[in-house]
Amino acid sequence: MMSGRQKAYTYLKDTVLTDPAMQGEFLSEQMIADRIGISRTPIREALLLLAAEELVSLVPKRGAYIAPLSGREIGELMEMRALLERYAAERAIARKAVPADEMDRILDEQAKLRGDGKAKEFIEADHRFHATLVAAAGNTLMAKQYEGLRSRQVRAGVTALYRAGGRQEEVCVEHRRILEALAAGRADLACAAIDEHIAATRRILAEG
């Protein structure tokens, strides 16, 4: 059973911090307590954990501030993703461990989530698609590092969907190219497809 701190941490990281509408907003301990039905002490502890991860800033008498992703953060996020995902593609192919069936299933699920009102669910599927590839590299520490990018990745992805009409269709096409290259055992094509996919999202976010 989850502790109060774990419940608050999970709720904040998976629900609040991944919501682009919350960027630039302050969170109060009482507001969160009322929303999820626990006392303020575990919420305070959860916010301290998130502050240590630099996901929120604690401002005296104001609460926890969720700063919008800066240009530097977006650039660093995309660089980290490219490094990890390219390496994972090369390793998965070398190990003959490409999870093509699982990635194909996730891609089918993601395609069904296209449309208004499901941006977050669509990007959650996006993260699972890439995380499945990273896990296939067989490096547990690397997979944990990639999972640590999740809240920023989801927030950036949802923001990109809101800014660019038709982006959901493009993402599905880009994912299909990545998967086809992986299934064919072509690490060079898979890495190129990953680069193009990440660059497209980075360009949309940079345009603002």
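User: What makes the radius of gyration of the protein chain agree with a compact globule?

Analyst: With 208 residues, such a globule would come out near 17 Å, and the protein chain has 18 Å, which agrees. The radius is taken over C-alpha atoms, and the globule rule is 2.2 Å times the number of residues to the power 0.38. Bear in mind that this is a predicted model, where local features need pLDDT of at least 70, side-chain atom pairs count only at pLDDT 80 or more, and totals for chains, interfaces and linings use all residues. Numbering runs from 1 along each chain as its sequence is written, and side-chain values use heavy atoms, with hydrogens and water left out.

User: What share of the residues counts as buried?

Analyst: 46% of the 208 residues of the protein chain; buried means under 20% relative accessible area (1.4 Å probe, protein chains only).

User: How do you know what share of contacts joins residues 24 or more positions apart?

Analyst: Take heavy atoms within 4.5 Å as a contact. Among contacts with a separation of 6 or more, those residues account for 76%.

User: Which helix gives the largest share of the lining of the largest cavity?

Analyst: H8, with 5 residues. Helices are DSSP runs (H or I, at least four residues), numbered from the N terminus; H8 covers 150–163. Lining residues have an atom within 4 Å of a cavity point, and a cavity is a set of points on a 1 Å grid over the protein atoms alone where a 1.4 Å probe fits but cannot get out. Of the 14 lining residues, Arg81, Ile123, Asp126, Gly157 and Thr201 lie nearest the centre.

Methods. On a 1 Å grid over the protein atoms alone, a cavity is a set of points where a 1.4 Å probe fits but cannot get out, and a pocket is an open set with protein on both sides within 12 Å along at least five of seven lines; lining residues have an atom within 4 Å of a point. Helices (H or I, at least four residues) and strands (E, at least two) are DSSP runs, numbered from the N terminus. Buried means under 20% relative accessible area, exposed over 50%, partly exposed in between (1.4 Å probe, protein chains only).
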